Amino acid sequence: MEMNRRDALKFGAVGAATVAAATMTGCSTKAGEMASSATSSAASAVGLGADLIGKHKVVIIGGGIGGMTVANNLKKKDKDMDILVIEKNDTFMSCPVSNTYIGKLEGMTLGSFIFDYAQPIQKHGYNWLQGEVMAIDRSAKVVTTSSGAVGYDILVLSPGIGYNYEAQFPTWSPEKIAHIKRVAPAALIPGSEHVILERNLNNMEDGDVVITIPSGKFRCPPAPAERASMVATFMQKEEIEGKVILIAEGAGFAKKPAFIESWEALYGDKIVFIPNSKVTDVDPDTKVLTYAQTTGTGKKDEDDFEIMKTETKTHKYEVLNLIPLNKASDVIGMAGLEVTKDTFGKVKMNGCSFQTKTDEDVYAVGDVVGHGIPPSGQTANWAGKQCAEEISARLKGGSYELPVKKAPVKAGNVCYSMVGDMPETAIMVTHDFSWNGSAIMGKGNVPKGPNGLYRQTGTAKALRDWYRGLMADMFS
Amino acid sequence: MDRRNFLKVVGATGAFIAVNPSTIQNELFANTGAMFRAYERVQLLDGAGAPIKISQLKKEMNYVFNYPHVSTPAILLNLDESTAKDVKLTSETGEEYVWESGIGKDRTVVAYSAICSHQLAHPTPDDSFLQYVQKDKPTMAFERSGVIVCSSHLSSFDAREGAKRLSGPAIDPLASVVIEVGEDDTLWAVGVLGSDRFHDYFKTFKPELKKFYGGKRKGKKLVKISAKTVPLTEYTKEIIQY
């Protein structure tokens, strides 16, 4: 965290220096021109100083599920609202359902997951800036990006996650981390990571695929187990000899009974779960993963607690999907907001709200929120809509009380995981949301179908329809 | 003769129709002109081609007919309790309109467009995600059953109150199919009230329209004369309900 803060300050300083130079050489007109092309709203730049390429009532950082939902819904409420979305990528790739690409399910190609931003921008009419956020100055209310600096009245942060290799592997050099990212990417941030993982699987010889589950909060808690299912179905279809090894730092994982039921029926002993195991090192050249496994000895101490032992073990892999500790995106550090002290660093929220605790003009949605609701696609969509209600009411001079404060929201989250192919079967979890006086919490429920099984063909159809609908909600 | 009956019904027994067109004129046409649209007046017939009689509708059973387009499904329900009266509904874009009531002697019979107002999940000949969940069946979407549930994103709608949204990511009510009962107990569909999603539906489901209706153009054709009305279990192969 400390280091990110320093980096942010450094970037801030660089940004300011560039701006000063531009002013001295009389480039203010040019800055105005940049605004017209970069934010597609020439008028917004008129009358601004040379240090800003635009200023907007609402600036949203992140064109993912949370940010797009806030932008779309604010515009639905007030089509004249002055909104800018800042996004570093020029296309969106979906994390939800992307494991079905790994599993080579029917019709699931890269094209199934990639969406352009042209349709929603055209439909809703907000401004767009493609650029990477370098610094946030909350006192001046300015966001500095690689494409210029913009001012805001209200800032919404939906920057998603980053990876925290440094915390998990303190002895690794930056070069080693970069190497591991290239050959064994986590594939929770869609894009090239998914392409690499898919290629590694396509090219694999007989042998094991190892997937690691980190500790702490991470994006899409059922993702590693869903991925294990999809890798297993891929290996079955391709007749690749070997197992899928799921190594977890904790004792379990999301929807575990439903996954275990599915694995036993569909894959026999092909998927092996190794709990209580902390990944300590990887040698990408020999393809060996080292982990420290804690198990019971069967003996009790004087207080009747089982005596545990920790052993160092290794596993030879053919393909590694190393999912490291997750953390909030560095953008959160740049904003200097108060965050939780865990390894993730969730943004502390201002009560039953998506306003941040630190700054009433800064809101947060998506994976970074400091409520007890799951970091899932549908939750980001729900939070985005709630956040849009709050901001819209505020700009009209009123306020909006989240309905969840008064009564629980039934099935606020619904999350599907594909577990099998031919025929496709899936499992699901729903979360009811409620306010406990200090945070919005989610209570999960993993249902069984009428035949007494968790996995259902109908649920697989629902998964596909859910995905179509969620993407349509944002991009059509 | 049908035409005369229809006029008589409207003129003499306004209470028997779902939405009194004069209400619509006053409340809605003045504002937007968009919340009620009259379509071909068609009679609901069963799978064998015989007229559906309102008195024969089983309680709490999902019946499906395609209306007003040949590919747009609607559900017909005979609820086990009377519907509310004069329900004020608001669309996502802020238009207000009034859903007057169910029809039949106990005001229990209602019809709604079965295309989810959120993201268009609907019954198809292959599967159905949107239907009424009977009171004795569980649902994860709402605190009680006896509501219409879309099991794609788990939204629920109040069948007793003009398909007003109860829970989930949907915002709009389901559009209502305005139905009437003839003097001989027959059922007729005459129009659609509320913000329907037909335009998005035709845009979104091109492959499906091709598969079941021979293409988007053919799927968009308006239903004429009569609409085949069957239980959902006959309409679709698989009901997906949470």
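Guide: A residue is called buried if 20 or more other C-beta atoms lie within 10 Å of its own. Keep in mind that this is a predicted model.

Visitor: Why is strand 10 of chain A called largely enclosed?
Guide: Five of the five residues of strand 10, residues 209–213 of chain A, are buried, so the strand is largely enclosed by the rest of the structure.

Visitor: Which residues of strand 10 of chain A are buried on one side, and which on the other?
Guide: Val209(A), Ile211(A) and Ile213(A) lie on one side, Val210(A) and Thr212(A) on the other, and all are buried. In a regular strand the side chains alternate between the two faces of the sheet.

Visitor: What makes strand 10 and strand 11 of chain A a pair?
Guide: Two strands pair if DSSP finds at least two bridges between them. Five bridges join strand 10 of chain A to strand 11, residues 244–248, and the two run parallel. The count meets the cut-off, so they pair. Within this pairing, Ile211(A) has Leu246(A) as its bridge partner.

Visitor: How does the chain get from strand 10 to strand 11 of chain A?
Guide: The path goes through helix 9, residues 223–238 of chain A, and this β-α-β crossover is right-handed.

Visitor: How many bridges join strand 10 to strand 16 of chain A?
Guide: Three bridges join strand 10 to strand 16, residues 319–321 of chain A, again with the strands parallel. The cut-off is at least two, so this is a pair as well. Val210(A) has Leu320(A) as its bridge partner in strand 16, and Val209(A) stands opposite Val319(A).

Visitor: What is the strand order in the sheet?
Guide: The order is 12-11-10-16 in chain A, an open sheet of four strands with parallel pairing.

Visitor: Why are strand 12 and strand 16 of chain A said to stand at the edges?
Guide: Strand 12 (271–274) and strand 16 each have a single partner strand, so one side of each is left without a neighbour in the sheet. Neighbouring strands of this sheet are turned by 15 degrees against each other on average, direction ignored.

Visitor: Which strands does helix 9 of chain A touch?
Guide: Helix 9 packs on the sheet and touches strand 10, strand 11, strand 12 and strand 16 of chain A. Its direction makes about 170 degrees with that of strand 11.

Visitor: What makes up the side of chain A that touches chain B?
Guide: In total, 18 residues of chain A are in contact with 22 residues of chain B. Helix 12 (377–395), strand 19 (409–420) and helix 14 (457–475) of chain A each give two or more residues. Helix 14 gives the most, with eight residues.

Definitions and conventions. Residues numbered from 1 in each chain as written. Chains lettered and ligands numbered in written order. Predicted model: local features only at pLDDT ≥ 70, side-chain atom pairs only at ≥ 80, totals over all residues. Buried ≥ 20, exposed ≤ 12 C-beta atoms within 10 Å, placed from the backbone. Right-handed = clockwise from strand over helix to strand, strands pointing away. Contact = placed C-beta atoms within 7 Å. Axes fitted to C-alpha atoms, helices over the stretch in contact; angles between N-to-C directions.
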